[in-house]
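Colleague: Let's go through the charged side chains here. Where shall we start?
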Amino acid sequence: AHTRPASPCGDIPPETVIDTFYRSGYNGIAITNHFFCDLFSRYYHAKDKQEVLDKYLSDYYKARQEGEKVGMKVYLGAELRWQSTGNNDYLLFGIDEHMLSDIYDYMSADPATFVRDCKSEKSFFLQAHPFREDMTRFDPALLDGEEVFNLHPNHNSAIAFADQFAEQHHKIKTMGTDYHHEGHHNLCSTRTKILPKDSFELASTLKANDFIFEMTGSIILP
């Protein structure tokens, strides 16, 4: 899910996002707000790295605090974008605040450099909605997975092509609501045997490919 104000494309504040998903029966949620250089300068108007991190993490901390109140796990994630690859977005799970600081230092480089020099073995890195109209496919050898089922209702993510691509390259498939706006919250979920305790355990579960999907009541085997 994306939250506002950390992601300018999101409409809903973090506390409301948690309350909405919790009331719909979710046990956990990953907050994957956008993280890229233009966002830092043009929207955050941040003067330095610490100001960027403070503004970015503020939404996550608010979501986590609300999650603790109601008994819902909130996982830190990020949706990364590098200027060198245009509008291509990449989801990252299995991170903490200290790692996010290191990631910031690589946002002026490119995703291949990030994977080679910065990405942790504990993390799970995938390309988000790789078959939307303005996307180009990143080298699958450098990815842990592909987001196949992106259920944002305002975008055509060409799910069949994404699924075919993931199959051809033997990539782990993921599903997500890509939540931004009111009314888009209860479209799908990832079902796991055990609720991950933190972002790292979530990444480990994804790497193990030990999950199934649910889409509005229908079970899907990835």
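Modeller: This is a predicted model. Start with D59, which is in contact with T3, R4, P5, A6, P14 and N33, leaving aside its neighbours within four places in sequence.

Colleague: Which side chain of opposite charge is nearest to D59, and how far away is it?
Modeller: D59 lies in helix α3, residues 49–70. D59 is buried yet has no salt bridge. A salt bridge needs nitrogen and oxygen within 4 Å. The nearest side chain of opposite charge is K62, at 5.0 Å.

Colleague: How many salt bridges does the structure hold?
Modeller: One of them joins K69 and E66. Another pairs D178 with R132. The total is 14.

Colleague: Is E66 buried or exposed?
Modeller: E66 meets K69 in a salt bridge at 3.9 Å, N to O. The two sit three residues apart in helix α3, about one helical turn. K69 is exposed at 62% relative accessible area. The cut-off for buried is under 20%, and E66 has 16%, so E66 is buried.

Colleague: How many residues apart in sequence are the parts that D178 and R132 tie together?
Modeller: Their closest N and O atoms are 3.0 Å apart. Both D178 and R132 are buried. D178 lies in the loop between β7 and β8, and R132 in the loop between β5 and β6, so the parts tied together are separated in sequence by 46 residues.

Colleague: Which residue forms a salt bridge with D210?
Modeller: D210 lies in the loop between α7 and β9, and its partner in the loop between β8 and α7. D210 is partly exposed, at 33%. The N to O distance is 3.4 Å, and the partner is K193.

Note on methods
Residues numbered from 1 in each chain as written. Predicted model: local features only at pLDDT ≥ 70, side-chain atom pairs only at ≥ 80, totals over all residues. Heavy atoms only, no water. Helix = DSSP H or I, 4+ residues; strand = E, 2+ residues; numbered from the N terminus. Buried < 20%, exposed > 50% of the residue type's maximum accessible area, 1.4 Å probe, protein only. Lys, Arg positive; Asp, Glu negative; His and termini not counted. Contact = heavy atoms within 4.5 Å.
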